Amino acid sequence: MAGVFHATTARPRLLPVLVCLSPATRKLRLTFPAATTMDGASASAPDAKKTTTVFVAGSTGKTGKRVVEKLLERGFGVVAGTTDVGRARGSLPQDPNLQLVRADVTEGAEKLVEALRGVDAVICATGFRRSFDPFAPWKVDNLGTVSLVEACRKAGVTRFILVSSILVNGAAMGQLLNPAYIVLNLFGLVLVAKLQAEKYIRGSGINYTIVRPGGLTEQPPTGSIVIEPEDTLYEGSISRDQVAEVAVEALLCPEESYKVVEIVTRADAPNRPLKDMFASIKQK
């Protein structure tokens with residue numbers, strides 16, 4: 001039913017001031033009306049948009065759940081979009097700054113708008129579930145993402161982070177015979193669906209960051225994160241925890257805006273601040 005959502009708590013109405021971080025500490029300093037603070041760095045970034053509440057699409061997925069957890073750790077208010085509020089209640093943290101709302105990206109923009117009211121940014125970590133529906137990847141990873149962007153426009157949300165995948169543009173990269181490109185596209189051409197969604201985002205006018213991780217692993221992080229420009233990486237893996245870390249970092253400072261980045265981890269890579277690596281990427 002359009003315009004209806006179910007929440008477990010009142011929507012967080014935090015009013016902190018967001019600051020960019022010292023690369024050495026990567027901690028936040030948040031200032032509230034009652035002068036309550038959380039420990040963090042004192043450096044400020046007056047040009048950065050104040051982001052206090054973030055909507056997470058796909059919040060009960062393996063990556064989305066980690067995004068929710070990291071946002072809460074960093075002091076954000078979180079609105080967790082889910083198709084099953086009961087399931088989300090059992091799998092996500094119990095936190096006063098977390099609200100659960102029913103939101104299904106396959107139901108169109110109009111039904112998503114109400115869930116986005118009052119949020120400052122969206123992180124999209126959706127992904128289709130394997131089924132007998134050959135169009136599932138297009139319904140979720142393409143049309144669902146497009147609907148979410150359109151809902152952002154209608155609700156006045158101007159910041160959008162998409163978790164996508166390396167090799168989405170494999171054909172243009174000469175990777176048509178790459179086994180990973182072949183196998184992933186066996187499931188309804190999911191990489192092609194993701195690429196079309198990316199193109200829509202880039203032409204929409206919204207302030208975006210597209211994060212393309214390599215193969216996703218459930219293990220704790222090993223190795224250091226490597227960030228490369230779009231259409232660069234065609235192999236490699238990364239922990240879902242580190243993907244969530246990069247997605248949240250993309251909200252913090254202006255260097256991340258209007259960029260497509262690809263991420264993996266490497267054991268021999270230097271451990272560089274994410275902000276510095278983002279800043280080094282020049283968008284095509």
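Tyr258 is partly exposed, with a relative accessible area of 42%. Tyr208 is buried, at 6%. Buried means under 20% relative accessible area, exposed over 50%, and partly exposed in between (1.4 Å probe, protein chains only). The model is predicted: local features need pLDDT of at least 70, side-chain atom pairs count only at pLDDT 80 or more, and totals for chains, interfaces and linings use all residues. Residues are numbered from 1 along each chain as its sequence is written, and side-chain values use heavy atoms, leaving out hydrogens and water.

The ring centres of Tyr208 and Tyr258 lie 5.6 Å apart with planes at 85°, so the pair is edge-to-face. It links distant parts of the chain, 50 residues apart: Tyr208 sits in strand S6, Tyr258 in the loop between helix H7 (240-249) and S10. Helices (H or I, at least four residues) and strands (E, at least two) are DSSP runs, numbered from the N terminus.

The largest nonpolar core has 41 residues. Such a core is a set of buried Ala, Val, Leu, Ile, Met, Phe, Trp, Tyr and Cys residues joined through side-chain atoms within 4.5 Å. Phe55, Leu116, Val122, Leu148 and Phe160 have the most contacts inside it. Elements supplying at least two residues each include strand S1 (53-57), helix H4 (136-155) and strand S10 (259-266). H4 gives the most, with seven.

Beyond four places in sequence, Val122 is in contact (heavy atoms within 4.5 Å) with Phe55, Leu116, Leu148, Cys152, Val157, Arg159, Phe160 and Ile161. A second, separate core of 38 residues includes Ala80, Ala88, Leu92 and Val211.

Key:
Phe/Tyr/Trp six-rings, centres within 6.5 Å; stacked < 30°, edge-to-face > 60°.
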